[in-house]
Amino acid sequence: MEKIQERALRFVLEDYTSPLQTLLTKSKLDFLHVRGIKLMAKEVYKIIHNLSPENICDLIKVKQSAYDLRKIQTAEIPQVSSTRYGLKSFRYEAAKVWNSLPNQLRTATSYNIFKKMIGTMESPLCNCVLCSKD
């Protein structure tokens with residue numbers, strides 16, 4: 001999918017020599033997988049603040065702590081027994097994405113503020129090869 005995005009951007013922008021990161025910056029877009037991660041973070045915000053349907057709200061639980069920790073509103077990462085149905089599940093990935101967000105994002109007072117903050121977030125939410133800056 002990333003390759004299709006790159007080819008489409010090259011065609012639309014008529015730029016066949018620039019690196020993909022430059023094309024994305026020109027078009028004000030993110031990598032497709034970063035857009036997916038941001039969408040997942042938006043869903044977790046709705047789940048934690050009970051803005052989603054009740055059956056979806058049961059997927060993510062906020063970790064309760066008696067201590068005053070640096071990170072607030074962290075999601076419980078579920079125990080997994082397999083890669084296919086555990087590590088690649090929505091519950092596991094969504095909890096990891098949510099916990100990787102900065103506190104100011106997780107404590108946004110409304111969904112619209114959260115959407116705006118995550119939309120303008122410059123740094124990538126993952127550490128993959130595509131997101132690492134050269």
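Before I start, one cut-off I need: a residue is buried under 20% relative accessible area, exposed over 50%, and partly exposed in between. I also note that this is a predicted model.

Entry, pairs. I looked up the aromatic pairs and found four in the structure. I began with Tyr45 and Trp98, whose ring centres are 6.4 Å apart with planes at 50°, so I wrote the pair down as tilted. Tyr45 lies in helix H3 (residues 32-48) and Trp98 in helix H6 (residues 90-100), so this contact ties together parts 53 residues apart in sequence.

Entry, a second partner. Tyr45 also forms an aromatic pair with Tyr111, and I noted 5.9 Å centre to centre and 35° between the planes, a tilted arrangement. Tyr111 belongs to helix H8 (residues 111-119) and Tyr45 to helix H3, so the pair links parts that are 66 residues apart in sequence. I then checked Tyr111 against my cut-off: its relative accessibility is 21%, so I put it down as partly exposed.

Entry, the group. Which residues form one aromatic cluster? I listed Tyr45, Trp98, Tyr111 and Phe114.

Technical notes. Residues numbered from 1 in each chain as written. Predicted model: local features only at pLDDT ≥ 70, side-chain atom pairs only at ≥ 80, totals over all residues. Heavy atoms only, no water. Phe/Tyr/Trp six-rings, centres within 6.5 Å; stacked < 30°, edge-to-face > 60°. Helix = DSSP H or I, 4+ residues; strand = E, 2+ residues; numbered from the N terminus. Buried < 20%, exposed > 50% of the residue type's maximum accessible area, 1.4 Å probe, protein only.
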